[in-house]
Structure formats: structure tokens, C-alpha cells
Amino acid sequence: MRVIIQRVKSSQVTVDGEIIGKISQGLNLLVGIAENDTEAELDWIVRKCLELRLFPDLETGKPWQKSVQEIDGELLVVSQFTLYGDCKKGRRPSFDKSAAPNLAADLYNSFVDKLKASNLTVETGKFGAMMLVDIENDGPVTLILEKETGKI
């Protein structure tokens with residue numbers, strides 16, 4: 001499983017000209033699911049997304065002190081199978097390592113449900129849709145979280 005995690009001032013996702021998900025300060029999560037991902041990878045990524053200290057402490061001015069939970073931030077979760085695009089051969093990416101749509105949808109929905117259990121505001125895109133994502137990256141802070149099946 002791969003997640004591009006971005007600290008944002010705001011972010012929104014639009015489908016067919018309609019804003020379907022919108023957040024203020026928090027994290028924009030672009031989520032790619034591999035063909036062999038399971039709930040174990042998902043649980044690890046959820047914990048990391050919620051607990052990583054990516055925000056400054058406004059009282060002390062120190063960076064990297066607070067998690068999205070500690071600042072009561074918001075989350076925008078967008079499915080993105082292209083995170084498993086392989087561009088090593090030829091001129092067209094291969095998506096052989098991306099999960100099949102039915103498996104990916106199930107794990108994506110489980111990921112969203114687990115994030116919602118944190119009681120933070122969680123907004124989403126629309127799985128499988130063509131989306132326009134507007135991201136006001138703060139910092140900019142952009143990190144890649146990856147958890148391969150069976151690896152610690």
C-alpha cells in the first residue's frame with residue numbers, strides 16, 4: 001500500500017463539476033492499493049497517517065511536534081491506482097501491480113472507515129471516478145508512506 005501524505009492548508013476534490021469533498025487544515029491522502037495488500041498493511045498506514053508528527057506546535061514554534069489528531073485536523077482521502085504505475089519499460093505505464101478494482105474498493109473503503117473511527121473529519125473523493133484535486137500544500141510537506149505485504 002502506498003499513500004502520498006501532504007500537509008495542507010486546504011484541499012478539495014471535484015467530480016463532474018461538483019465539489020464532493022473539502023477540508024481545511026489537515027492531510028490530503030492519495031491512496032494506492034497493490035494487488036497483494038491486506039488489512040495488515042492498511043492498519044499500519046492508518047496508524048501512521050494519524051500519528052505522524054507533521055505539524056508545528058504553535059505555542060513553542062517548534063516544527064514536527066503535533067499529529068493531525070493533536071491539532072484536530074481534517075483528512076481528504078482520494079483513491080489513486082496510478083501510484084502503482086510502473087514506467088520502467090516503454091512509453092506507457094503498466095498498472096499490473098495495482099489491485100483489481102473490487103479488491104481496491106473494499107480496502108479503500110475499509111481505510112476510510114478506520115480513519116473515521118478517529119473522530120476526525122474525513123472527506124473522500126469518488127472511487128474510480130475522474131477527479132480534479134485541488135491541494136494547497138503547506139510547507140510544502142509531502143511524504144510517501146509505503147507498507148509492503150508481510151514486511152515490517
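**Note on the cores, helices and strand β4 of a predicted model**

1. The largest nonpolar core contains 27 residues, and those with the most contacts inside it are Val3, Leu29, Cys49, Leu75, Val77, Phe111 and Leu115. At least two residues of this core are supplied by each of β1 (2-15), β3 (26-32), α1 (39-51), β4 (74-79) and α2 (101-116). The largest share, 6 residues, comes from α2. Apart from this core lies another, of 8 residues, including Ile4, Val8, Val13 and Leu76. The structure under review is a predicted model. As background, nonpolar side chains in soluble globular proteins tend to be buried together.

2. Leaving aside residues up to four places away in sequence, Cys49 touches Val3, Ile5, Leu27, Leu29, Val68, Phe111, Leu115 and Leu145.

3. Helix α1 has 13 residues and reaches 18 Å from its first C-alpha to its last, close to the 18 Å expected at 1.5 Å a residue. Its buried residues are Glu41, Leu42, Ile45, Val46, Cys49 and Leu50. Viewed down the axis of α1, these buried residues fall within an arc of 155°, so they line one face of the helix. The elements that cover them include β1, β3, β4, α2 and β6 (132-146).

4. Helix α2 comprises 16 residues, which should span 22 Å at 1.5 Å a residue; the end C-alpha atoms are 22 Å apart, in agreement with that value. Buried in α2 are Ala104, Ala105, Leu107, Tyr108, Ser110, Phe111, Val112 and Leu115. Among the elements covering these buried residues are β1, β3, α1, β4 and β5.

5. Strand β4 pairs with strand β5 (residues 121-124) in the parallel sense, over 4 bridges. Within this pairing, Val77 stands opposite Thr124 in β5. The chain passes from β4 through α2 to β5, and this β-α-β crossover is right-handed.

6. Residues up to four places away in sequence aside, Ser79 touches Val31, Tyr108, Lys126, Phe127, Gly128 and Met131.

Conventions:
Residues are numbered from 1 along each chain as its sequence is written. This is a predicted model: local features need pLDDT of at least 70, side-chain atom pairs count only at pLDDT 80 or more; totals for chains, interfaces and linings use all residues. Side-chain values use heavy atoms; hydrogens and water are left out. A nonpolar core is a set of buried Ala, Val, Leu, Ile, Met, Phe, Trp, Tyr and Cys residues joined through side-chain atoms within 4.5 Å. Buried means under 20% relative accessible area, exposed over 50%, partly exposed in between (1.4 Å probe, protein chains only). Contact means heavy atoms within 4.5 Å. Two strands pair if DSSP finds at least two bridges between them. A crossover is right-handed if, with the strands pointing away from the viewer, the path from the first strand over the helix to the second runs clockwise. The expected span of a helix is 1.5 Å times one less than its number of residues. The arc is that of the directions from the helix axis to the C-beta atoms.
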